[in-house]
Amino acid sequence: MSAIVQVINGEGEFESAGVQSFVDKNELAQCRTNYAVVAIMGPQSSGKSTLLNYVFGTDFKMMDAMEGRGQTTKGIWMSKSPKVADTTVLVMDLEGSDGRERGEDDTNFERQSALFALAVADVLLVNIWCHDIGREHGSGKPLLKTIFQVNLKLFAPEPDRKKTVLLFVIRDKTKTPLAKLTEVLEADLDRMWDSIAKPAAYSGSKMTDFFEVQYAALSHFEERYEDFQADAVHLRRRFAPDAEDTLVRGDEKLPGDAFALSIHNIWDVIRSQKDLNLPAHKVMVANIRCQEILEDQLRAFTGDQAWAGLQEAAGLGAVEGFGAQVAGLMDSCVKGYEAEALYFDSHVREDKFQELSKRLLAAVQPLYQAQVAAQTAAVLTGFEKELKLALLPEGAASSGGGFVAAAAACRAAAVKEFGMAFKKHLHIQGTPWDGAAEAAALEAALDSHIGKVRSEHVAAAVARAEKQLRSLLSAPVIALLEVCGPGMWPKLYGVCREAAAAADKQLLAGLAGYGLGAAEAEALSEGLRARARASMEGHVREAALTRLSRMKDRFQEVFSQDESRAPRMWGARDDVPAIAAAARLAAANVLAQLAVIRPPPGEGGKAQQGEQGDVIEAAVLQLARTSSDAASAPAPADGAASSSAAAPAAAAASSHGAAGAALDLLSAAAWPGVSDESRVLLAPHDVRTSWREFMSYSNVAVQQALSAQQANRLANNRLPPLWAIVAMLALGWNEAMALLFNPLLLLVVGVLVLFLRSLYVELDVERELARGALPGAISLSHKVVPACKSVLRKTTESVQQILHSIQEGQGAAAVGEGRAAAYAVDGAPNSSSNSSSRAGSGTPGPGRYTELTRRGATAAAAAAPNSPAEFTDLRAEGKKGQ
């Protein structure tokens, strides 16, 4: 009695453990490739198990006729043939096809099992009743057709390489000769092979390229039992390798130890193949008819006049009651389908109903979306209008809450309006469109519009703040750049901070109620500060481009105007070189401030900023001082104008004297400590070039001032014209005679004239009146008393010096007369005595003459510094003493 194992159970699960145990027990691994697999297929209760048991000696369960006809074998079973000794024959018994237990719809397993047998077996027995030959379904041709077609697609066998033997076992043979039966079978097989759908690689192939077809006939099991036994023995002999008509082939195959794994993989591939899941006949009919009904209902729906009218009306805008009308049309279409498809398979009917619903939704959706868009546009238009009215000065935004509250109120009203309109006009009963997605899209559009309006208002407020910033910034920055004095950069940054703070205050006040967060407000403030700095730096860069003209203007302002901003008259007391030096230093300050953009106090540290400023300014000022010293000789400045004009230069020199030695501008190629090249406005070579051009201009201006001073000096010393002298003599003859004949009056008038002239010079009347008649008169009134005291003091000192000089001259004359008398008494001295007598004579030597001249000049200068006539008299007095 041979062992039997179930390879595949009734649920289609592969029994791996049992198959592997069967292989091990039967020592299939030692057989290598010396084994053959025989399988059988056929209708249920056709005697398949009985045939295998009688032919191969197996012990498969057979049907008991006394218990009735029914399913005996469920799944796929396998056993080893004990009656075939020369080779190992593995016999597989398949579940019968067309069984009532599985029903007409469950035909998937019989196709899977038949394809499995075709793929695994070397010999496939097709059990067929004799009286079914010539029939379409009774002979199992549809099943063979299916497995042949799927076998080509799934396993792609190679033609003429390994051919599976198809042994058609004709049961219960009759008087019809076997040749006639095989002729019918071969014709049916050829026609079936030609009708199957083949892959392109097998389009011209024949059935004999893949299968070897053999035939055998057996007598009736019950009526001719002994003949059946004899026929079974004869069939068994054909499985001997040395038989003349043997069915065992020596084709290449896998070794026995891989048999279990191989058939397991084949079953997994077959189970995953969807082509075997063919529906039953009534299912196919239901598919066809329900599809036809579906298409008819869809055509009726799209061709309905009501639908066409609805489409036309929807093209013009929002349609009132659109959802109710569409729901009625769709309900009519669905009811028509359900009425006609009522008697078909429920599963198919339900599937087609779902397809109909999807296609109806697809047909309605474009029109529905258009209506939603129209309703959304109407709501958005109303919302925009309401929001615009709310933002007017007399609107809701100004009354309280600001922009945020007004926008929220308008948004809530718009959402509510859309919800009511959707429920009334757009909702289609029975569809998944409940309006949630549409409302979310509307809210997103509303939020987008609110954000856009808010951005526009914020941008407008920022523009107004920037305009105010420019107005607050331009005038102070331009004023500071006109002077470009020391300490300009801290003042510039101070102006930027103040202007940005004022503009920021206006901006935040204008955006109150717009829901600005702390981060957003800080970003706007930082933007204003950045724009202020950018605007300031833009002015500075423009100033750097016009540096030469600014230097000239600054030079002219200091050089050509006095402390009261009045033009200089270049009088005799003006120290032109000192004033020119101060003006050049002021121009140098302009160049130094415009050379590099200094960082604000918060960047780089105060120490670094101050050090950098000191180095640059000191270097430029040192260049200016060197150039001024080379252009003109130094001159003392004892007047008020020159000392006050030179004060800024002296202060700058003292503050930057130590740092000036750190940088030699004549040889420098870059500014030290400036890491950001974008801050450099003028490189050192640009500074040197600009200064050379400026010096050429300033030298011309200084020469012109010196020439004007000389001309004014000559004009003051020039005598009146001849005609004026003649007129004075003619008109003032009587007065002149009165003065000449009255010495005391003449002396008083002369002293008064000299006093008035000295007072005129001391008051500097011309300079004071140059500022204007009224300001000059007021200034002169304040200076009269101090000027009178100064003139009196100087006159007294001059008189004392003159008297002292006269006394010394008289004493020297007396000594000289005594020496002359002694010389006359003693006679001519020797050479040394002659020298002594010459020294003691009345004639003074060269040294004495020089001393007298000096004293005369000093006395004249003390008495009247601007009186050439008195200075000439003093020189004459000195000569008289000689």
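**Entry 1: a surface patch**

I began at the surface, where Leu 722, Ile 725, Val 726, Met 728 and Leu 729 form a nonpolar patch with about 490 Å² of accessible area together. For such a patch I took residues with over 30% relative accessible area and no salt bridge, joining nonpolar side chains (Val, Leu, Ile, Met, Phe, Trp, Tyr) within 5 Å and like charges within 9 Å; the areas come from the Shrake-Rupley method with a 1.4 Å probe, and for residues only the protein chains shown count as cover.

I note that this is a predicted model, in which local features need pLDDT of at least 70 and side-chain atom pairs count only at pLDDT 80 or more, while totals for chains, interfaces and linings use all residues. Residues are numbered from 1 along each chain as its sequence is written, and side-chain values use heavy atoms, with hydrogens and water left out.

Leu 729 has its place in helix H23 (residues 722-731), where helices (H or I, at least four residues) and strands (E, at least two) are DSSP runs numbered from the N terminus. I found that an unreviewed UniProt entry annotates residues 722-755 as "transmembrane region", an annotation that may be inferred rather than shown by experiment. In the model, this span is 91% helix and 0% strand, and its end C-alpha atoms lie 25 Å apart.

**Entry 2: the core**

I then looked up the largest nonpolar core, which has 116 residues, and noted that Val 364, Ile 428, Met 536, Phe 559, Trp 671 and Trp 691 touch the most other members. Its largest share, 13 residues, comes from helix H12 (residues 346-390). The core lies between domain 2 (285-371) and domain 3 (385-453), because both give residues to it; the domain bounds come from an automatic or database assignment. A core here is a set of buried Ala, Val, Leu, Ile, Met, Phe, Trp, Tyr and Cys residues joined through side-chain atoms within 4.5 Å, buried meaning under 20% relative accessible area, exposed over 50%, and partly exposed in between (1.4 Å probe, protein chains only).

**Entry 3: salt bridges**

I counted 21 salt bridges, each a side-chain nitrogen of Lys or Arg within 4 Å of a carboxyl oxygen of Asp or Glu. In one of them, Arg 191 pairs with Asp 188, their closest N and O atoms being 2.6 Å apart. Arg 191 is exposed at 51% relative accessibility, whereas Asp 188 is buried at 11%.

Which residue forms a salt bridge with Arg 531? I found Glu 466, with the closest N and O atoms 2.2 Å apart. Arg 531 lies in helix H17 (residues 518-545) and Glu 466 in helix H15 (residues 436-483), so the pair ties together parts 65 residues apart in sequence.
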